Amino acid sequence: MPRKKEPNKEVKTTQPKTTKKRTTRKEAMSTDTIKHDFSLITEHDIYLYKEASHYKLYDKLGSHIVEHNGVKGTCFSVWAPNAENISVVGDFNAWNPDSHPLKVR
């Protein structure tokens with residue numbers, strides 16, 4: 001007995017799922033990713049501050065989410081001319097003052 005011809009069946013193919021490596025908090029906060037070559041504070045800002053006429057320091061000091069050279073991150077600035085050292089600490093770095101030190105501009 002001859003075999004019946006089966007109608008053309010559409011075959012669906014699926015792409016294998018690519019697993020993207022998730023960055024851990026520890027890796028994201030590593031000191032390798034800290035950049036000290038960027039500042040929101042300009043020479044003009046310092047001039048205005050010394051003149052006591054800078055009315056938008058809130059745009060410069062504190063923490064600000066920024067993108068620099070295509071890399072997103074947080075810029076943190078303080079005005080502390082007499083400080084010996086300053087670090088950003090928190091739960092993200094186990095309150096370690098050595099992991100995220102700020103540099104003098």
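User: Which residues of helix α2 are buried?
Analyst: Residues are numbered from 1 along each chain as its sequence is written, and side-chain values use heavy atoms, leaving out hydrogens and water. Buried means under 20% relative accessible area, exposed over 50%, and partly exposed in between (1.4 Å probe, protein chains only). In α2, the buried residues are Asp45, Ile46 and Leu48.

User: Seen down the axis of α2, within what arc do the buried residues fall?
Analyst: The arc is that of the directions from the helix axis to the C-beta atoms. The buried residues of α2 line one face of the helix, because they fall within an arc of 165 degrees.

User: Which residues of α2 are exposed on the other side?
Analyst: Asp45, Ile46 and Leu48 are the buried residues of this helix. The other side of α2 carries exposed Glu43 and Lys50.

User: In what order do the elements of the protein chain run?
Analyst: Helices (H or I, at least four residues) and strands (E, at least two) are DSSP runs, numbered from the N terminus. The protein chain has 2 helices and 2 strands. From the N terminus on, their order is α-α-β-β.

User: Where is confidence lowest in the protein chain, and where is it highest?
Analyst: The protein chain has a mean pLDDT of 77, with 69% of its residues at 70 or more. Where pLDDT is low, the predicted coordinates should not be read in detail. The lowest mean, 52, belongs to helix α1 (residues 25-28), and the highest, 92, to helix α2 (residues 43-50).

User: What share of the protein chain's residues counts as buried?
Analyst: The protein chain has 105 residues. The share that counts as buried is 14%.

User: Which residues line the largest cavity?
Analyst: On a 1 Å grid over the protein atoms alone, a cavity is a set of points where a 1.4 Å probe fits but cannot get out, and lining residues have an atom within 4 Å of a point. A search of the whole structure finds 1 cavity of 30 Å³ or more. Its lining divides into 5 nonpolar residues (Ala, Val, Leu, Ile, Met, Phe, Trp, Tyr, Cys and Pro), no polar and 1 charged (Asp, Glu, Lys and Arg). The lining residues are Ile41, Asp45, Ile46, Leu57, Leu61 and Trp79.

User: What is the volume of the largest cavity?
Analyst: Grid points are joined across faces, edges and corners, and a volume is the space filled by probe spheres set on the points. For the largest cavity, that gives about 40 Å³.

User: How many aromatic pairs does the search find, and at what angle do the planes of tyrosine 49 and tryptophan 79 lie?
Analyst: Rings of Phe, Tyr and Trp (its six-membered ring) pair if their centres lie within 6.5 Å; planes under 30 degrees apart count as stacked, over 60 as edge-to-face and the rest as tilted. The whole structure holds 1 aromatic pair. Tyrosine 49 and tryptophan 79 have ring centres 4.0 Å apart, and the pair is tilted because the planes lie at 40 degrees.

User: How many residues apart in sequence are the parts that this pair ties together?
Analyst: Tyrosine 49 lies in helix α2, and tryptophan 79 lies in the segment after β2 (71-77). The pair therefore ties together parts whose separation in sequence is 30 residues.

User: Are tyrosine 49 and tryptophan 79 buried, exposed or partly exposed?
Analyst: Tyrosine 49 has 33% relative accessibility, so tyrosine 49 is partly exposed. Tryptophan 79, at 36%, also counts as partly exposed.

User: Which residue with a positive phi follows α2?
Analyst: Most residues other than glycine have a negative phi. The residue that follows α2 has a positive phi, near 60 degrees, and is alanine 52.

User: What is the phi of asparagine 69?
Analyst: Asparagine 69 is found in the loop between β1 and β2. Asparagine 69 is exposed, with a relative accessible area of 68%. Phi is positive in this residue other than glycine, near 55 degrees.

User: How far apart in space are tyrosine 55 and aspartate 45, C-alpha to C-alpha?
Analyst: Tyrosine 55 sits in the loop between α2 and β1 (62-68). At a relative accessible area of 67%, tyrosine 55 is exposed. Tyrosine 55 and aspartate 45 are 10 residues apart in sequence, and their C-alpha separation is 9.9 Å.

Methods: Predicted model: local features only at pLDDT ≥ 70, side-chain atom pairs only at ≥ 80, totals over all residues. 1 Å grid on protein atoms, 1.4 Å probe; cavity = no way out; pocket = protein on both sides within 12 Å on 5 of 7 lines; lining within 4 Å. pLDDT = per-residue confidence, 0-100.
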